[in-house]
Amino acid sequence: MLSSRCLPALFALSAAVALAAEPAPVATRATADYVPPELAQLTKPASSELRELVERFTTDRDELERFYSVRGSALYWRRMHEFYQAWQQRLVEVAFDRLGVEGRIDWTLLRSHLTHALRLLDRDEARAREIGPILPFAEEIAQLQESRRLMQPVDPKAAAATLDQMRKELEKARAGLEAGLKAEKAGPAKPEAAKETTELKVAPITTTRIVAYRAANRLAELRKSLDDWFNHFDGYDPLFSWWNRAPYKALNEGLDSYAKFLREKVVGVEPGKDEPIIGDPIGRDGLMAELEHEMIAYTPEQLIDIANREFAWCDAEWKRAAREMGLGDDWKAALEKAKHDYVEPGRQPELVRDLALEAIKFVQDRNLITIPPLAADMWRLRMMSPAAQKVNPFFLGGNDIQVAFPTDAMDEDEKIQSLRANNIHFARATVFHELVPGHHLQFYYLARVNQHRELFTTPFWIEGWALWWEFQMWDLGFPRTPEDRIGMLFWRTHRCARIIFSLNFHLGKWTPQQCIDFLVDRVGHERASATGEVRRSFNGDYSPLYQVGYMMGALQLRELHKELVTSGKMTDRQFHDGIMQGGSMPIEMVRAHLKQELLPKDFAPAWRFAD
């Protein structure tokens, strides 16, 4: 239950926020309107000569990965290396000079994809070597599962001996880590630590929290493979069960205990508390490889400089809005005022509905992009759980919109932070970013045109598009009040900050705590939402450049808009429809698609879109 200090704001907002009573178009639109009236007259994007080739590659790759399901095994790496290298050779044999614009785009994209895939395999192998001493039994588990995949007969007695040997290797590795932890705690000046190590007769193993975190995650994957292998034979082969049930149970218990030890004693996970933010920095060389794959002709340091330049623009706009609100240059006071504009509990779905309909009408009235009735109407809303909000403290989107808002299960501080973090003015920018003309409209087109380019999906296209619309809506006057501008500025500033904190983390310059503090101090985040953002960035499965993709993708589209729309070569609608019809790919390839440029075979990224 909310405390009395929250009630005045809530009651005031109940009167201030007028929620629409009119039905949404989906409630009144005829079903026949969802069928295109003249199918023969629909605009069809140019077909790529290599579409079927890309589709074949994707399907074949998925088949190999389904069969060689133990990722990170020696066999998996060998097979995938051979597969990608063979495809590289096949691609060289394609008659490139005969290809048109779209075919050359696909050829270039597939070449880049293969190069990057091989680099990722090499990176994964190097990281696996780092966790080798912690998981000395990893390859043995992989071989058990892979022998089953190859339908090789199992020797029950030999399998039992393998399980028992893995248990012994696990115990030795754990003893080595325990000895290493004791030695670190004792320090070099305490000889008794060395004496204890000698008595244990194991070599101490020292590692980092990052490597241990990686090992713990890998162990969870290996457990699934081991369980799958055992359950395949257990009960179906009585002799297998007779030999293997006891050693399998002993190994399983050892793995459970070892996983708990790794997470609690080495990584530092405290039982009953949120997982610490660890992450796994890839270093400058890794970032350069990722930027090459994304076709970004800038260094990490140059991108940070660009982010700071955009930050300076935001700072000036923050102060302008604050002055209009009678708060001088105190942008934090202006932000604090905007955060208090939230609807009362239970009203957020209605607010989201009305903001979505407002944005759709705004875009349609200005003829900015084609929004088919099915895309405009067929989105759904669902509320996020408290657990999900610890990782994603704001709205999420895609086919539907996921709304972050307090629940009665949260404590008072969590409720207040969630209310403030999802206030009306923040939501006014978030809703169209997630729905139309943002991600929901993207997903509509992705499912219908150039679907083969899903292989080349990139955050610079996915997230850059949604942020580009924040740029557009700002320029076209969508924010009606200084508070609305504050809401949009918060997100724009946040996207600058994402570049700075994520690149500095991967460069090894910042810790997760420094990233959290930066979001609180420089952007104005609630500490809970800042922690969720950093956890999402580094503990999840996002690519290293995912957070960079928002702002840099939007800046690429802004420059491309100048080239093609501001110059008078295209209308806004032609520009935006062309981006959607081209499919997901790095923005430099979007540029070639819109300008209908014939790429050279030796194409290399060179576009200086932010100079």
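What percentage of the 611 residues of the protein chain count as buried? With the whole of this predicted model selected, the answer is 53%. The C-alpha trace spans about 75 × 70 × 50 Å along its principal axes, and the secondary structure consists of 26 helices and two strands. A compact globule with 611 residues would have a radius of gyration near 25 Å, and the 27 Å of the protein chain agrees with that. If you display the surface, its accessible area comes to about 27900 Å², of which 53% belongs to carbon and sulfur atoms. Among contacts between residues at least 6 apart in sequence, 77% join residues at least 24 apart.

Before looking at details, colour the model by confidence. The average pLDDT of the protein chain is 91, and 93% of the residues score at least 70. Now select residues 1–19, where pLDDT stays under 50 and the model has 30 contacts beyond four places in sequence. Then select residues 193–200, where pLDDT also stays under 50 and there are eight such contacts. Where pLDDT is low, the predicted coordinates should not be read in detail.

Next, select helix H4, residues 74–92, and find His-81 within it. Is His-81 buried or exposed? His-81 has a relative accessible area of 14%, and therefore counts as buried, the cut-off being under 20%. Show the residues around His-81: leaving aside neighbours within four places in sequence, its contacts are Leu-118, Leu-121, Asp-122 and Glu-125.

Move on to helix H5, residues 101–131, which holds Arg-123. Beyond four places in sequence, Arg-123 is in contact with Ile-282, Gly-286, Glu-290 and Pro-544. With side chains displayed, look at the pair Arg-123 and Glu-290, whose side chains are joined by a polar contact of 3.1 Å. For a sense of scale, draw a C-alpha to C-alpha distance from Arg-123 to Thr-59, which lies 64 residues away in sequence and 24 Å away in space.

The next selection is the largest nonpolar core, which has 145 residues; Tyr-84, Leu-303, Met-552, Phe-575 and Ile-579 touch the most other members. Helix H21, residues 482–506, gives the most to this core, with 12 residues. A second, separate core has 38 residues, including Ala-142, Ala-212, Leu-262 and Val-266. In soluble globular proteins, nonpolar side chains tend to be buried together.

Finish at helix H25, residues 572–582. Why can H25 be called largely enclosed by the rest of the structure? Eight of its 11 residues are buried, so the rest of the structure largely encloses H25. The buried residues are Phe-575, His-576, Asp-577, Gly-578, Ile-579, Met-580, Gln-581 and Gly-582. To see what covers them, show helices H19 (439–446), H20 (459–475), H24 (546–566) and H26 (587–595), which are among the covering elements. Centre on Ile-579, which, not counting residues up to four places away in sequence, touches Trp-461, Trp-465, Leu-557, Val-590 and Leu-594. Step past the end of H25 to Gly-583, which follows the helix and has a positive phi, near 90°.

Methods: Residues are numbered from 1 along each chain as its sequence is written. This is a predicted model: local features need pLDDT of at least 70, side-chain atom pairs count only at pLDDT 80 or more; totals for chains, interfaces and linings use all residues. Side-chain values use heavy atoms; hydrogens and water are left out. Buried means under 20% relative accessible area, exposed over 50%, partly exposed in between (1.4 Å probe, protein chains only). Helices (H or I, at least four residues) and strands (E, at least two) are DSSP runs, numbered from the N terminus. Contact means heavy atoms within 4.5 Å. pLDDT is the predictor's confidence in each residue, from 0 to 100. A polar contact is a pair of N or O atoms within 3.5 Å; within protein, one must be able to donate a hydrogen and the other to accept it, and residues adjacent in sequence count only if both atoms are side-chain atoms. A nonpolar core is a set of buried Ala, Val, Leu, Ile, Met, Phe, Trp, Tyr and Cys residues joined through side-chain atoms within 4.5 Å. The radius of gyration is taken over C-alpha atoms; the globule rule is 2.2 Å times the number of residues to the power 0.38. Accessible areas come from the Shrake-Rupley method with a 1.4 Å probe; for residues, only the protein chains shown count as cover.
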